[in-house]
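Hi there,

Here is the structure I promised to pass on. Have a look at it first, and then read my notes below.

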Amino acid sequence: MKFYILDDLLGSVKVMANIIESSNLGEIIGTNTNSEKGVAEILAKNPDIVLVDLLMPVKDGITVVNEVHAVNPAISFIMVSQVVDKNMISDAYNAGIEFFITKPNNRIEIENVIKRVIEKKQMENVLSGIRSVIGQPEAAPPQVSAEKSGEEFTGKVKKILGSVGMLGESGTKDIINACAYMNRNGLSYDGKTTLNDYAEHLGEDPKIVKQRIRRAIKRGLTNVASLGIEDYYSDSFDEYSHTLFNFDTVRMEMDLLRGKSQYGGRPTIDRFFEGLEALCEK
């Protein structure tokens, strides 16, 4: 795989380049700290995968992704940034990035994400080759009703929560219903406002609803941390440890389970819902 790295901080460029080269993940064919020049170089050099920062002078990462994909949609993007604003992260996924990694950079996390993107691109290349041989065009997406779309969305939420072992928790029902409520009303998660509205819709005290949700999320964190201890390189651990939770929070929970610390991770409702939204959109 050919890689290009675009970040206005030279130190970040060097760190990511070192991870890719030392892990033999591919070849670095270009780097830049200037986003405007970077777009031109990316289009000229045609890398397979681009690692791009979100906030850069002149052109931000989302603008870079949009401009490159307007010309060459086959180039895959991994966004790496300190920003945790849910709207920006959602916009990044809507622009077509594969993954969003939160700085500070964690070597193992970056390696695992890159490996997942490489596997996906290799599979896409295989399928493309098969289609060219048999002359089969890509199927157009089927049209579905709003009711069917809502059921599919809820199904996605349940699948994710089931993957992290949360379906048996009482607060999980609140999470599923709150997501369905937002989807039904065309809303995105907006911190306290969203859950307050949902609790009002139920006729319950928001504090009680949030308390149930926190307990369910904590169970999910413990399960993901346990998975990381058993198989650090599993796809599920890689996926959920940096979307539904902050990776440092997962690591703290792993230390607790290993007996290395008396304190576990403290997940946040906001991060969990924002990550859940991003996973469903992706």
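Let's start with two helices: the axes of α7 (residues 170-184) and α12 (residues 269-281) come within 12 Å and cross at roughly 60°. That makes α7 oblique to α12, since angles under 35 degrees count as roughly parallel, over 145 as roughly antiparallel, 65 to 115 as roughly perpendicular and the rest as oblique. Their crossing is right-handed (the near helix is turned clockwise from the far one by less than a right angle). The axes are lines fitted to C-alpha atoms over the stretch in contact, with angles from 0 to 180 degrees between N-to-C directions. Helices (H or I, at least four residues) and strands (E, at least two) are DSSP runs, numbered from the N terminus.

Before you go on: this is a predicted model, where local features need pLDDT of at least 70, side-chain atom pairs count only at pLDDT 80 or more, and totals for chains, interfaces and linings use all residues. Residues are numbered from 1 along each chain as its sequence is written, and side-chain values use heavy atoms, with hydrogens and water left out.

Volumes are the space filled by probe spheres set on the points, which are joined across faces, edges and corners.

Which helix gives the most to the lining of the largest cavity? That is α12, with four residues. This cavity has a volume of about 140 Å³, and eleven residues line it, with Ile-89, His-242, Thr-243, Arg-271 and Gly-275 nearest its centre.

The second largest cavity holds about 40 Å³.

Most residues other than glycine have a negative phi. Asn-46, though not a glycine, has a positive phi of about 55°, and sits in the loop between α2 (35-45) and β3 (49-52). Val-58 also has a positive phi, near 70°, and lies in the loop between β3 and α3 (61-71). Are they buried or exposed? Asn-46 is partly exposed at 37% relative accessible area, while Val-58 counts as exposed at 67% (buried is under 20%, exposed over 50%, partly exposed in between, with a 1.4 Å probe and protein chains only).

Cheers

Technical notes: On a 1 Å grid over the protein atoms alone, a cavity is a set of points where a 1.4 Å probe fits but cannot get out, and a pocket is an open set with protein on both sides within 12 Å along at least five of seven lines; lining residues have an atom within 4 Å of a point.
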